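User: I am new to this structure and would like to know what the terms used for it rest on. Please set each value against its definition.

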Amino acid sequence: MTRRNARLSHLMAGTAASVLVAHGVQAQSQEPFELNPIHVENRDIFANAADRATSMYVSDFELERARTGDLKDVFAGVASVSVGGALPLTQKIFLNGVDMLNLGVTIDGTAQNNRAFHHVTANAIDPGLLKQVRADPTVAPADAGPYALAGSVVFETVDAADVLAPGDSFGGNLRLGYADNGETAQGALTVAGMQGGFSWLGYAKRAEGDDYESGSGDVIPGTAADLESYLGKVAYESRDGHRIELSGQRLRDSELRQFRANFGGLNGVSDDLRLYNTTRESYSLSYENTLADGVWDPKVTLGYSESDIVVPDPWDSNGLSGTWSATVQNTFNLSDADTITAGIDWQKRFGEYTSPAFGDDYEERSRNVGLFAQARLQPLDRLRLSFGGRVDRQTFEGIDGSEQTNTGVSANASATYALTDTFSVRGGASTVFGGIDIEDNYTYLPSWSYGSLEPARADNATLGFDWEVGRLTLGGEVFVTMIDDARSADENFDFRSEGFNLGATYDWDSGSARLTASQSDVTVNGDPADGYSALDFGAPLGTVIAFEIEQETGLDGLRVGGGLDLALDYDMPESADTNLDGYEVVNVFAEYIPPRHDGLTLRAEIANLFDAEYADRATYGTDFDTVTTLKEPGRTISLTAVARF
């Protein structure tokens, strides 16, 4: 079996393959599974390594259900991943209580995490173009790249081979969806072709609608859908396995939003609407040998990503941030279970703000060169080890033209040991040099003084277990992330997130169920933090619980299921205005694949069945009476049809 054909090793067999492997709830099956008619390959060749012991993989079935949704749908049912903000434009992702801005994030190998206006997200991604999602919480390996302070997230987009049926040289799919709350309609078309060693893919999506209603029946101004998304990809793979791939994607959201897009007003006064013209782009060029299995197994990736936020009213504000990146590495395959990956990576980041109305023009820049090596070994049948390190040299330039150069060493180690055939323990620790990060360009001030800024450093640790009891799989871990000298404007502070995750999955012949729970607390300079003091680093999430179940009905092609999202009451520090109230949200769905037309999928879903009035725990402002929090949609009935050709 070649590296490229290593299949979904962490996804549970049978019907349980439809769940996200999370919180240490992991599978041992090495067999592929079929999601008729799409057969998706796993490109994570290190899926069984010790540094993947706490990794979370989104399954094909979960991604398929989320393609007409948003990032909240991608991570549905996973308590340790919170997505707040209600709109694709404002959705921010928190992993173990840590903002994803502090993780190493890549799409098709291209570095992301371009800092954006803090009222919108820096990581807007269309789920419709994704083939695989992996989150490595808390401890990231050295080859995850620089700035992976508290873990990493890897997104991979679809290839032609994921869309085409075996033997076909042309095909695709058409997705149509409608949601009654906000009267949102959307359509997405994917076409792909393959001839000889060449392959290509094109994807386009359009979503449009009106403002939605919250659970109490209030229309939430500035929430109308107006989204365009595109993906293009071409590749050539020779018979010897040499593969060159070029991909590019673009997401644009241009619509009237709240003055502060992620909430609706201050001090009881509703904000006026203003236009947010936002564009996210990412491009990648890569080379690898998909058949390499010896000590010469190179991979090269070049990329560029950017986030462009234009708000014409009232000051003609323009915020552009971007990242150029390059990685050259080689994996020394010492045996089937032992590898060493080593290489060099480079990143150039910038953030610039212009306002012609005021004549303002500010820019920050950074350059980072890193050398890294990561060993993944299995010295004993029951023991897996992963350890590595990197050296980074960063040069940072402030808006006043001043420069700082810092060099730092990072190290990590993870281990998994199977005490029995069904019970194993795992743990990991890391110390990570973070340099001086680019700040939100909409907050630049000419009065900033950079002389006292120190480079950030994160220390992480996790300890957990996995236990299989028949068809029941249990897992969990405790975790802690400490970031010293985190940056806020021209000052430093210390940030900490700690807590635990628990997960249980049970599958039977015709269905499966999953329960996850996560508890996290964040502090700033040693004191319990509110949402404002932890902004851009974490959020006060408290205890979040998610339950999902799905069941085949006995009628050919018909599957039903649902989920429950809960957040418990949470006592906030005195710096906040109010404690956080808990909530319970119920979702149900039915999906039908006609037996005689397996290229067609019909799905009906009711989200927020009982019209709960709530804001997701990760949404900003819920702990302040002065902030009008952006509420989630009330009861929403949606219909989706997918036709494959």
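User: Which residue takes a positive phi in the hairpin of strand 5 and strand 6?

Analyst: Asp 108 does, with a phi near 50°, in a hairpin that has two residues between its strands. This is a predicted model, in which local features need pLDDT of at least 70, side-chain atom pairs count only at pLDDT 80 or more, and totals for chains, interfaces and linings use all residues. Residues are numbered from 1 along each chain as its sequence is written, and side-chain values use heavy atoms, with hydrogens and water left out.

User: In which sense does strand 5 pair with strand 8?

Analyst: The sense is parallel, over four bridges, with strand 8 covering residues 151-157. Gly 104 has Ser 152 of strand 8 opposite.

User: How do you know that both faces of strand 5 are covered?

Analyst: In a regular strand the side chains alternate between the two faces of the sheet. In strand 5 (residues 104-107), Gly 104 and Thr 106 are on one side, Val 105 and Ile 107 on the other, and all are buried. Buried means under 20% relative accessible area, exposed means over 50%, and partly exposed lies in between (1.4 Å probe, protein chains only).

User: Why is Ser 638 called buried?

Analyst: Its relative accessibility is 18%, so Ser 638 counts as buried. Ser 638 is in strand 34 (residues 636-644). Leaving out residues up to four places away in sequence, Ser 638 touches Tyr 178, Ala 179, Arg 603, Ala 604 and Glu 605, where contact means heavy atoms within 4.5 Å. Ser 638 and Tyr 178 are 460 residues apart in sequence, yet 5.5 Å apart in space from C-alpha to C-alpha.

User: Why is Leu 302 called partly exposed?

Analyst: Leu 302 has 42% relative accessibility, so it counts as partly exposed. Leu 302 lies in strand 17 (residues 298-311).

User: What makes Leu 302 part of a nonpolar patch?

Analyst: Patches are made of residues with over 30% relative accessible area and no salt bridge; nonpolar side chains (Val, Leu, Ile, Met, Phe, Trp, Tyr) are joined within 5 Å, and like charges within 9 Å. A salt bridge is a side-chain nitrogen of Lys or Arg within 4 Å of a carboxyl oxygen of Asp or Glu. Leu 302 belongs to a nonpolar patch on the surface that includes Phe 170, Trp 200 and Phe 645, with about 990 Å² of accessible area together. Accessible areas come from the Shrake-Rupley method with a 1.4 Å probe; for residues, only the protein chains shown count as cover. Strand 9 gives the most to this patch, with three residues.

Technical notes:
Two strands pair if DSSP finds at least two bridges between them.
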